[in-house]
Amino acid sequence: MEDLVKSVDQVLRLVEEGIKERRFPEAMRTYVEQLGRNLRLFLDVVEISALENTIQSPISPSSRGAMFNLRKAFYATLTRLVKEQGVDRNRSLEEWKKAASRLIEEIEKRGITEAPCKIFLTYTVMSDGQSKYISFKDARVFYFDLEGIVRIDLATK
């Protein structure tokens, strides 16, 4: 995987240099720019997938479904960390409620409530001297837009 990431990163640099130096014909420029955006997204997804201490939902039909699935994944992680590391359940639940509220607020603000989504949530186990608890660092919401509509006539002639 490391070799693939290096190769994609190298291709991305070549694409960006070519765009900057106007090496591509004008008719191709928009396609090459789109390729560059897709390569950046690919590298971001690979980076996120390799992160430790993440809670993630599967791809869900809507952000509401993704939040529901993320909640289930959070409780599974919380239960495991309570047993393994002695994490304070109540304090971690408070942190979860704050993070979930912020996520929902941002999803609604961006208007992607009904878009298919996958949510990655990164966390750390913090200690305040008295207890350990789950603290959330950031979230990434992958949402999927309609790319287009293809009509296929299936009527026999």
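Guide: What follows is a set of questions and answers on a predicted model.

Visitor: Why is Phe74 called buried?

Guide: Buried means under 20% relative accessible area. Phe74 has 0% relative accessibility, so Phe74 counts as buried.

Visitor: What makes Trp96 buried?

Guide: The cut-off is again under 20%. Trp96 has a relative accessible area of 6%, and therefore Trp96 is buried too.

Visitor: How many aromatic pairs are there?

Guide: The count comes to five aromatic pairs. One of them is formed by Phe74 and Trp96.

Visitor: How do you know that the charged end of Arg91 sits over the ring of Tyr133?

Guide: The distance limit is within 6 Å of the ring centre, and there is also an angle limit of within 35 degrees of the ring normal. The charged end of Arg91 is 3.8 Å from the centre of the Tyr133 ring, and Arg91 is listed as sitting over that ring.

Visitor: Which residues have the most contacts inside the largest nonpolar core?

Guide: They are Ile55, Leu70, Phe74, Ile134 and Phe136, in a core of 23 residues. Helices α3 and α4 and strands β2 and β3 each supply at least two residues of this core. The most comes from α3, with seven residues.

Visitor: What does Ile55 touch?

Guide: Leaving out residues up to four places away in sequence, the residues touched by Ile55 include Leu70, Phe74, Ile119, Phe120 and Phe136.

Visitor: How do you know that β1 and β2 pair?

Guide: Two strands pair if there are at least two bridges between them. Three bridges join β1 (residues 54-56) to β2 (residues 117-127), so the two strands pair, and they run antiparallel. Gln56 stands opposite Phe120 in β2.

Visitor: What makes β2 and β3 a pair?

Guide: There are 11 bridges between β2 and β3 (residues 132-143), in the antiparallel sense, and at least two are needed. Cys117 stands opposite Tyr143 in β3. The two strands form a hairpin with four residues between them, and Gly129 in the turn has a positive phi of about 95°.

Visitor: How does the span of helix α2 compare with the expected one?

Guide: Helix α2 (residues 26-49) has 24 residues and reaches 35 Å from its first C-alpha to its last, close to the 34 Å expected. Its buried residues are Val32, Gly36, Leu39, Leu43, Val46 and Ile48. What covers them includes α1 (2-20), β2 and β3.

Visitor: Why is Glu33 called partly exposed?

Guide: Glu33 is also found in helix α2. Its relative accessible area is 24%, which lies between those limits, so Glu33 is partly exposed.

Terms used: Residues are numbered from 1 along each chain as its sequence is written. This is a predicted model: local features need pLDDT of at least 70, side-chain atom pairs count only at pLDDT 80 or more; totals for chains, interfaces and linings use all residues. Side-chain values use heavy atoms; hydrogens and water are left out. Rings of Phe, Tyr and Trp (its six-membered ring) pair if their centres lie within 6.5 Å; planes under 30 degrees apart count as stacked, over 60 as edge-to-face and the rest as tilted. Buried means under 20% relative accessible area, exposed over 50%, partly exposed in between (1.4 Å probe, protein chains only). The expected span of a helix is 1.5 Å times one less than its number of residues. Contact means heavy atoms within 4.5 Å. A nonpolar core is a set of buried Ala, Val, Leu, Ile, Met, Phe, Trp, Tyr and Cys residues joined through side-chain atoms within 4.5 Å.
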